[in-house]
Amino acid sequence: MALGGSDLLWLFLQPCLLRLSPLLSSNSLYVYLYYLMLWNRFLMNYLRFLVGIYKYSFLILIMSAFFFSLIARLFHQAFISFRKYIMESSSVSADLHIILNDICCDAGHVDDLFPFFLRHAKQIFPMLDCMDDLRKISDLRLPPNWYPEARAIQRKIIFHAGPTNSGKTYHAIQRFLSAKSGIYCGPLKLLAHEIFQKSNHANVPCDLVTGEERVYANEDARQATHIACTIEMCSTNTPYEVAVIDEIQMIRDPARGWAWTRALLGLCAEEIHVCGEAAAIELVTELMYTTGEEVEVRNYERLTPLTVLDYALESLDNLRPGDCIVCFSKNDIYSVSRQIEARGLECAVIYGSLPPGTKLEQAKKFNDPDDPCKILVATDAIGMGLNLCIKRIIFNSIIKPTINEKGEKEIDLITTSQALQISGRAGRYGSSFKQGEVTTMHRDDLAQLKEILSEPVRPVKAAGLHPTAEQIEMFAYHLPDATLSNLIDIFVSLSQVDGLYFVCNIDDFKFLADMIQHIPLNLRSRYVFCTAPLNRKEPFVCTTLLKFARQFSRNEPLTFDWLCRHTKWPLAPPKNIKELVHLEAVHDVFDLYLWLSYRFMDMFPDAVLVRDIQKKLDDIIQIGVCNITRLIRASQSTAGAESTVQLPTAMEAPEERRVKSLKAYRSAARREDLKTHGRGSLADRLLREGLLTQEMLRQLESEWQVQHRNGRYGPSSKRDDQNSSKETGKKKK
């Protein structure tokens with residue numbers, strides 16, 4: 001039986017009044033009726049408010065529907081908060097205490113609580129007084145209208161669609177180089193740097209613009225006609241002849257998708273060349289339909305063949321030159337690289353948290369035909385941004401740990417898009433290998449990988465959006481006492497989006513907003529600090545941001561000397577994995593300083609000096625990565641005592657770790673399968689989960705038939721089974 005609003009209200013407040021007086025037990029029905037009246041009074045007050053403001057019945061109907069839906073959502077939160085306030089506060093106000101006592105003693109009326117509840121509700125939901133204005137500010141249904149300069153021109157949209165290694169980006173870049181002016185927008189600093197170098201080598205002056213760096217092609221620091229930038233840094237006010245937006249499928253990314261949406265809708269260019277998976281064609285076409293612009297689609301096929309092998313590697317003894325083992329955790333990287341070097345082979349290592357310079361050096365080492373390093377161990381960081389001469393991609397696992405929108409760790413199979421992106425790195429066009437191969441480390445994973453690769457890529461359904469600083473400032477005008485974290489929460493809860501869009505994940509933003517909330521900063525500065533690109537799992541980097549903000553609030557410049565003291569520079573080459581991880585965190589701190597220096601030049605004045613020591617740190621980290629096996633051995637010898645890096649896991653056998661991950665994934669899949677396919681046969685469920693193959697099923701059938709014919713499952717066999725199980729039990733004992 002469903003509970004109504006009054007029932008819920010009684011459930012919320014009953015413990016509260018029970019705490020205040022034992023007299024309530026004899027008057028529960030009476031108090032229940034009081035709270036039913038309170039609920040009705042609460043709704044009627046809002047209805048009278050609406051009727052008083054809106055004179056026309058149609059508007060009354062619409063706004064009443066909205067407010068009742070809002071109340072249904074806020075009512076629950078308001079009463080939980082009200083109850084918590086009464087039960088957990090060390091002392092309530094005297095007048096409220098008297099009212100509660102009177103109600104418990106039958107000397108007061110429950111309606112007397114309404115002003116206190118309403119006052120409390122407005123304290124935790126201050127937007128109730130200015131709801132109309134806030135809803136207008138947070139209306140995100142027409143993002144194209146945010147870019148009047150782009151809407152003032154008729155742009156030509158060209159979609160270059162194709163898989164990895166199909167030449168789609170190459171053709172877009174050729175048009176970029178031949179234009180009078182242009183901008184390249186990529187997802188990574190490595191990609192922007194590659195186009196920057198390629199353009200200048202082609203005698204087309206091009207500047208590099210990333211969050212942490214500005215490099216001018218002209219010696220006098222004059223802006224060049226061409227710019228290569230990370231996509232967050234593109235200007236929507238500068239006119240260009242040609243713009244290139246790379247990896248457009250990332251418009252669906254839950255954290256960064258807003259940057260692709262902004263570039264696609266807002267770039268002022270006569271031609272917009274969009275590169276990416278064909279799965280994004282439909283969405284881009286629909287988005288451009290809302291701007292009145294047509295999309296020309298150019299499809300590309302892979303330039304070199306890619307073969308999925310019929311056999312797994314099974315042992316690292318079967319490695320050969322040009323192999324790349326793909327792992328989905330840093331711990332697996334450590335373990336696999338050590339086993340490879342134990343076999344007398346040299347390997348390069350690439351993973352996401354390495355500095356870009358170190359990644360490039362490791363890629364150069366692997367690609368060099370004269371270098372003895374012929375094996376690469378990497379994470380999915382090789383999926384884009386690096387040109388690698390890979391013959392064969394070997395998936396160490398096809399299960400990847402991810403973090404969902406709630407911040408919870410999940411284990412799931414890699415998606416078709418991810419598998420294709422990584423597999424496509426094998427047999428790159430123009431490399432020494434004219435054909436690419438793909439397989440798995442373990443035989444059990446191969447059939448599943450083939451199935452993943454054979455599935456169509458899921459279409460991109462929606463584009464990301466993110467509240468701007470201007471929108472948050474307008475919110476703050478109406479809600480001056482709200483914290484930045486609360487402003488973001490209220491904005492997202494009130495925002496309205498078209499079906500083509502979604503609001504990006506704001507957990508990282510809120511995490512930083514809460515972390516620096518106690519520091520006195522103006523709203524714009526606070527917003528900038530909260531958009532800083534950092535990994536909140538790195539305590540040292542988060543602590544540094546906190547110190548940056550604190551010193552910034554005191555109007556004290558963060559000098560080079562201060563930063564050196566904080567990071568204990570100069571630093572020595574790492575002696576174990578823990579020290580290597582710390583050096584990577586220090587590199588991120590230098591990145592953070594440079595990022596802030598371009599937004600607050602006066603307060604972060606020593607960007608040039610910091611960039612110099614960051615290059616030196618790159619070299620130190622490179623030494624550590626080249627000696628990673630020695631670092632792992634050193635870490636293993638000290639891991640039992642005090643290592644804070646997850647070294648015991650890293651030193652665990654890869655097969656054991658793979659089995660654990662597989663069990664976790666299959667357990668989750670089994671729970672989901674029971675929901676969706678609960679009525680299917682056991683054999684069907686086992687086949688879907690990958691626990692049983694068709695060949696195993698046929699073998700089981702034939703064995704069962706033979707045993708059935710021999711009378712194995714007759715009455716006597718049951719006794720045999722029972723006796724056998726007893727014997728087994730004795731042996732165990």
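The model is predicted. The chain holds 29 helices and 20 strands. Of its 733 residues, 48% are buried.

**Overall make-up**

- Among contacts with a separation of 6 or more, 73% join residues 24 or more positions apart.
- The chain exposes about 36,700 Å². Carbon and sulfur atoms supply 54% of that area.

**The eight-stranded sheet**

- Eight strands form an open sheet with mixed pairing. Their order is β5-β4-β6-β3-β7-β8-β2-β9.
- The edge strands are β5 (214-215) and β9 (295-299). Each has a single partner strand, so one side of each lacks a neighbour in the sheet.
- Strands β4 (residues 206-209) and β6 (residues 226-230) run parallel and are joined by four bridges. Within this pairing, A228 of β6 is the bridge partner of L208.
- Helix α9 packs on the sheet, where it touches β3 (182-186), β4, β5 and β6. The direction of α9 makes about 165 degrees with that of β4.

**Nonpolar cores**

- Nonpolar side chains tend to be buried together in soluble globular proteins.
- The largest nonpolar core here has 127 residues. F529, F548 and F604 touch the most other members.
- Helix α22 gives the most to this core, with twelve residues.
- F604 is in contact with F529, F548, F552, L558, Y593, L596 and S597, leaving aside its neighbours within four places in sequence.
- Another core, of 28 residues, lies apart from the largest one. Its members include C324, C373, L413 and I422.

- Side chains of opposite charge can pair when their charged atoms come close. The whole structure contains 26 salt bridges.
- K189 and D591 form a salt bridge through their side chains, at 3.4 Å from N to O. This pair links distant parts of the chain, 402 residues apart. K189 lies in helix α9 (residues 189-201), and D591 lies in helix α22 (residues 577-597).
- The two ends of that bridge fall into separate accessibility classes. D591 counts as buried because its relative accessibility is 13%, under the 20% cut-off. K189 has 29% and counts as partly exposed.
- K198 and E194 also meet in a salt bridge, at 3.8 Å from N to O. Both lie in helix α9, four residues apart, or about one turn of the helix.
- K198 is partly exposed at 39% relative accessibility. E194 is partly exposed at 22%.

- E314 forms a salt bridge with R443, and their closest N and O atoms are 2.8 Å apart.
- This pair also links distant parts of the chain, 129 residues apart. E314 sits in the loop between β10 (306-308) and β11 (323-326). R443 is in helix α15 (residues 443-454).
- R443 counts as exposed because its relative accessibility of 59% is over the 50% cut-off. E314, with a relative accessible area of 47%, is partly exposed.
- R151, R155 and E293 belong to one network, joined by salt bridges that share partners.

How values were computed. Residues numbered from 1 in each chain as written. Predicted model: local features only at pLDDT ≥ 70, side-chain atom pairs only at ≥ 80, totals over all residues. Heavy atoms only, no water. Salt bridge = Lys/Arg side-chain N within 4 Å of Asp/Glu carboxyl O. Helix = DSSP H or I, 4+ residues; strand = E, 2+ residues; numbered from the N terminus. Buried < 20%, exposed > 50% of the residue type's maximum accessible area, 1.4 Å probe, protein only. Contact = heavy atoms within 4.5 Å. Areas by Shrake-Rupley, 256 points an atom, 1.4 Å probe, with all protein chains shown as cover. Pairing = 2+ DSSP bridges. Axes fitted to C-alpha atoms, helices over the stretch in contact; angles between N-to-C directions. Core = buried A, V, L, I, M, F, W, Y, C linked by side-chain atoms within 4.5 Å.
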